[in-house]
Amino acid sequence: MAEVRALLDILFKGCVLLIAFLALVPVLHLTLAAIVNGGPVIASAGLKFFTEVPPPPGNRTYGILTSLIGTIELALLSTLVGVPISFMAAVLVVEFPHSRLGRIVRLLSRTLLELPTILIGMFVFTIIVVPLGSPSILAASIALALVMLPYVTTYIETALSSVPRTYREAGLALGMTKARVAFTIVVPIAVRGVVTGILVGLAKAMGETAPLLFTLGRARTSLNVDPLGPGDAIPLLIYDYAQAPYENLREVAWGATLVLITLFLLVYVLARLTIRGVRV
Amino acid sequence: MGGSYALLVEGLKVWYGRRQVLRGISFKLPPSSILAVMGPSGSGKSTLLRAINRLLDYVPDARVEGRVEVFGLDVYRENPYRVRRLVGMVFQTPNPFPHMSIYDNVAVGPRLHGLAKSRDELDRIVEWALKAAMLWDEVKDRLHEPPTKLSGGQQQRLSLARALALKPSILLLDEPTANIDPTNARRLEESIRRVAVEDGVTVVMVTHTPQQALRISDYVAFIYEGKLVEFGRTREVALNPSHKLTAMYFRGEL
Ligand SMILES: Nc1ncnc2c1ncn2[C@@H]1O[C@H](COP(=O)(O)OP(=O)(O)OP(=O)(O)O)[C@@H](O)[C@H]1O
Ligand SMILES: [Mg+2]
């Protein structure tokens, strides 16, 4: 009997490992492909890969300066727009679940999560790009903020809900208002989870393509950092160049993929580091 | 009305949704006395405490009827924040705020209600509260460390100090020794006894152990299925319980 159980145990563990491995295969495959195809491109271009604008078709020079700066600017701007809203939304949903506003916000957040990101792009196109007359970094940031909003909100919600009720009661019993309990007790206790949520949003904003299609424009060959002007982003560049009929552009796309994966990894490691040692 | 009593509870009824949990509780408690509230699990003891400081305000489907007075102050007509400033509470699980230092845990109440005009005064309040909770000697050299390093029993005494720092007129304790070791439990009992005698704090304490009630309380209340089946001076009730259930409880048969 004991042997059977031990055997089943091993079998079960084996299955779990196999599934985990299968889930990782696409990620590993893509990372490997990016290193194999993108590595040499970056190596041969050297620092210029980061300081030059993309080459004309057919020309054997490489550079992703505009989209790299663009992705960083977009990530920062969309975080700046999205995080405070997500934060307030999460506090409302978790700490005031029975208030009318809390219920509305929860519904909105859930709906936004289900919405295809291309629709969010079109929505921002009609309410911002059309009135302003042209695509802009600002419009794209707002689209990205809308995309990350429900994710960040959900993450922060989870972090806040994991704070034991007894701390809330202790605060209330001292004569604090619910809002004061939320901001001076619950949020500080959950701070690591909140930061993780923000980083997840950042990663999400960096990787999205669809919301940018109609909102960002393509300022690819000359650098623009003015939020009201058009910009570029790495995912958008990859999207365009990966299907280009020119060998050199496809190579730039591979190099850009490696850069994007590295950026992801950085944010991911940061998020992991903040999760570690979560307080009780 | 009831001005000579520290706590007056009259016809208190509480519902959670459609389910009635307290079915008309009435009693009066003189100042500086200790009441031990006993009763089987689920009888409504915690609900009674939460009705007194209006924590039930935050339970969305809870409904309260009846009257609670704290030193003549009508709790359900008064500003609830003012009520909670006068009525401190200690919970079953030690719950010092993990993100604040030991000092700040005690200072948070006085700061909230503006009780200290200077840093010195705040220091004095914190020291007094920690001494009253018999924790001062153990933490005086590490006031600015987080409370998470303290033992469970020390954390519970810190929770007591946090409540005492507001100089409450009434102190509610919900099975405060249920989750700590006997030595710490004795210390907690001793400090509760002392604040009642020396500082005139009136104490309402839920306890599961008749021995604890006998050790520290002046009065006992016995709640059974939402009704107050026994209320009286501890000695008298223990020697001569008027209700069969109370007798069984004291004999440990319930
Ligand atoms: N928020 C709530 N919503 C609905 N029912 C509740 C709520 N809180 C408590 N109850 C119910 O009310 C009854 C009384 O609960 P209460 O916590 O007051 O009992 P208690 O005497 O403190 O029990 P214990 O000794 O186990 O702590 C229980 O049946 C409990 O399930
Ligand atoms: Mg209870």
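This briefing describes the folds of chains A and B and the interface between them. The model is predicted: local features require pLDDT of at least 70, side-chain atom pairs count only at pLDDT 80 or more, and totals for chains, interfaces and linings use all residues. Residues are numbered from 1 along each chain as its sequence is written, chains are lettered from A in the order in which they are written, and side-chain values use heavy atoms, with hydrogens and water left out.

**Chain A**

- Chain A contains 11 helices and 0 strands, where helices (H or I, at least four residues) and strands (E, at least two) are DSSP runs numbered from the N terminus.
- Its C-alpha atoms fill a box of roughly 70 × 65 × 30 Å along the principal axes.

**Chain B**

- An open sheet of 4 strands in chain B has the order β2-β1-β4-β5, with antiparallel pairing; two strands pair if DSSP finds at least two bridges between them.
- Because β2 (19–29) and β5 (73–74) of chain B stand at the edges with a single partner strand each, one side of each has no neighbour in the sheet.
- Strand β1 (residues 7–16) of chain B is joined to strand β4 (residues 62–70) of chain B by 8 bridges in the antiparallel sense.
- B:Trp15 stands opposite B:Arg63, which belongs to β4(B).
- Helix α1 (residues 45–52) of chain B lies across β1, β2 and β4 of chain B and runs at about 115° to β1(B); axes are lines fitted to C-alpha atoms, for helices over the stretch in contact, and angles run from 0 to 180 degrees between N-to-C directions.

**Interface of chains A and B: extent**

- Contact (heavy atoms within 4.5 Å) involves 20 residues of chain A and 22 residues of chain B.
- The two chains bury about 1800 Å² between them, 72% of it on carbon and sulfur atoms; buried area is the accessible area (1.4 Å probe) that two parts lose on being put together, summed over both.
- A:Glu169, A:Ala173 and A:Leu174 supply 31% of the area that chain A buries against chain B, more than any other three residues.

- The interface holds 1 salt bridge, defined as a side-chain nitrogen of Lys or Arg within 4 Å of a carboxyl oxygen of Asp or Glu.
- A salt bridge joins the side chains of B:Arg50 and A:Glu169 (2.8 Å, N to O).
- On the side of chain A that touches chain B, α7 (165–173) and α8 (178–189) of chain A are the elements giving two or more residues.
- The largest share of that side, 7 residues, comes from α7(A).
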